[in-house]
Amino acid sequence: MFSLREFVKKGFISAIGKMEDYQIILKSADWHEKGVLEASDLEEINSAIAAQHAEPEVPEEETIE
């Protein structure tokens, strides 16, 4: 069965990195106001945006004395 909610959420998550973050945020908020996306969906989208901008951890170099 087709789920508009899952379709829209998947589209926003796949657009991360290809579309400006503010556009994804504003458009997903519009879909939330329309009752299609839930707050948990917005949190998931926001987490995916944050993960894209997270800097990878660099392991500390071991010093040999």
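A residue is termed exposed when its relative accessible area is over 50% and buried when that area is under 20%. In this predicted model, Phe2 has a relative accessible area of 61% and is therefore exposed. Phe7, at 55% relative accessibility, also counts as exposed.

These two residues meet again in the matter of aromatic pairing. A search of the whole structure finds one aromatic pair. The rings of Phe2 and Phe7 form that pair, with their centres 5.6 Å apart and their planes at 55°. Planes over 60 degrees apart would count as edge-to-face and planes under 30 degrees apart as stacked, so the pair of Phe2 and Phe7 is classed as tilted.

Trp31 has Lys34 lying over its face, at 4.6 Å from the ring centre.

Attention now turns to Asp41, a residue of helix H3, which spans residues 39-53. Is Asp41 buried or exposed? Its relative accessibility is 1%, so Asp41 counts as buried.

The surroundings of Asp41 can be described through its contacts. Leaving aside residues up to four places away in sequence, Asp41 touches Arg5 and Lys9. With Lys9 there is also a polar contact, made between the two side chains at 3.4 Å. The side chain of Asp41 additionally reaches the backbone nitrogen of Glu38, at 2.8 Å.

Definitions and conventions: Residues are numbered from 1 along each chain as its sequence is written. This is a predicted model: local features need pLDDT of at least 70, side-chain atom pairs count only at pLDDT 80 or more; totals for chains, interfaces and linings use all residues. Side-chain values use heavy atoms; hydrogens and water are left out. Helices (H or I, at least four residues) and strands (E, at least two) are DSSP runs, numbered from the N terminus. Buried means under 20% relative accessible area, exposed over 50%, partly exposed in between (1.4 Å probe, protein chains only). A polar contact is a pair of N or O atoms within 3.5 Å; within protein, one must be able to donate a hydrogen and the other to accept it, and residues adjacent in sequence count only if both atoms are side-chain atoms. Contact means heavy atoms within 4.5 Å. Rings of Phe, Tyr and Trp (its six-membered ring) pair if their centres lie within 6.5 Å; planes under 30 degrees apart count as stacked, over 60 as edge-to-face and the rest as tilted. A charge sits over a ring if NZ of Lys or CZ of Arg is within 6 Å of the ring centre and within 35 degrees of the ring normal.
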